[in-house]
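Dear colleague,

I am handing over the structure we spoke about, and I would be grateful if you could look at it alongside the notes that come after it.

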Amino acid sequence: MSYACPRCGESVRRAGSKGAQMAGGLVGALLAAAFGAFECPKCGKISRSEFPPDVRRKMMKGSLGLVAGAVLVIVLVIVVIAALN
Ligand SMILES: [Zn+2]
């Protein structure tokens, strides 16, 4: 899912946090993607408040999907660990 930059119209990407990725693996990466900032190749970091309200609503839905994905991964890991023991 990509969004247009509010300043130049280029598509922005989620600026993932390397630290969160190292700390939490896949779950950390998903959560960082859900709550991290956006980055435009031309303008650099874009804060969420710069995007128009309807785009922010879409982002919120996308973030909820990512959080749901992270929860699913945690549940799967627990199920696998329980099955192995
Ligand atoms: Zn831009």
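What follows is a description of the fold, then the sheet, the cores and a few single residues.

Please bear in mind that this is a predicted model, in which local features need pLDDT of at least 70 and side-chain atom pairs count only at pLDDT 80 or more, while totals for chains, interfaces and linings use all residues. Residues are numbered from 1 along each chain as its sequence is written.

The chain has two helices and four strands, where helices (H or I, at least four residues) and strands (E, at least two) are DSSP runs, numbered from the N terminus. Read from the N terminus on, these elements run β-β-α-β-β-α. Of the 85 residues of the chain, 15% count as buried; a residue is called buried if 20 or more other C-beta atoms lie within 10 Å of its own, exposed if 12 or fewer, and partly exposed in between, with C-beta atoms placed from the backbone. As for contacts (C-beta atoms, placed from the backbone, within 7 Å), among those in the chain between residues at least 6 apart in sequence, 57% join residues at least 24 apart.

Four strands form an open sheet in the order 1-2-3-4, and the pairing is antiparallel; two strands are said to pair if DSSP finds at least two bridges between them. The edge strands, each of which pairs on one side only, are strand 1 and strand 4 (44-46). Strand 1 and strand 2 pair in the antiparallel sense over two bridges, and Tyr 3 has Val 12 in strand 2 as its bridge partner. These two strands, 1 and 2, form a hairpin with six residues between them, and Gly 9 in the turn has a positive phi of about 85°. Strand 2 also pairs with strand 3 (residues 38-40), again in the antiparallel sense and over two bridges: Arg 13 has Glu 39 in strand 3 as its bridge partner, and Arg 14 stands opposite Phe 38. In a regular strand the side chains alternate between the two faces of the sheet.

Turning to the cores, I use the term nonpolar core for a set of buried Ala, Val, Leu, Ile, Met, Phe, Trp, Tyr and Cys residues joined through C-beta atoms within 7 Å. The largest has six residues, namely Ala 29, Leu 30, Leu 31, Ala 33, Leu 66 and Ala 70. The elements that give two or more residues to this core are helix 1 (18-35) and helix 2 (53-84), and the largest share, four residues, comes from helix 1. Apart from this core lies another, of five residues, among them Tyr 3, Cys 5, Phe 38 and Cys 40. Not counting residues up to four places away in sequence, Ala 70 touches Val 27, Leu 30 and Leu 31.

Helix 2 has 32 residues and reaches 47 Å from its first C-alpha to its last, close to the expected 46 Å, which is taken as 1.5 Å times one less than the number of residues. Of the 32 residues of helix 2, the number buried is two, so this helix lies largely in the open. Ala 68 is in helix 2 and counts as exposed, with 12 C-beta neighbours inside 10 Å; its C-alpha atom is separated by 9.7 Å from that of Leu 31, 37 residues apart along the chain. Lys 58 is also found in helix 2 and counts as partly exposed, with 14 C-beta neighbours inside 10 Å. The C-alpha atoms of Lys 58 and Tyr 3, 55 residues apart along the chain, are separated by 9.4 Å.

Finally, Arg 7 has its place in the loop between strand 1 (3-4) and strand 2 (11-14), and Arg 7 counts as partly exposed because it has 13 C-beta neighbours inside 10 Å. Leaving aside neighbours within four places in sequence, Arg 7 is in contact with Cys 40 and Cys 43, and the C-alpha atoms of Arg 7 and Cys 43, 36 residues apart along the chain, are separated by 7.6 Å.

With best regards

Note on methods. Contact = placed C-beta atoms within 7 Å.
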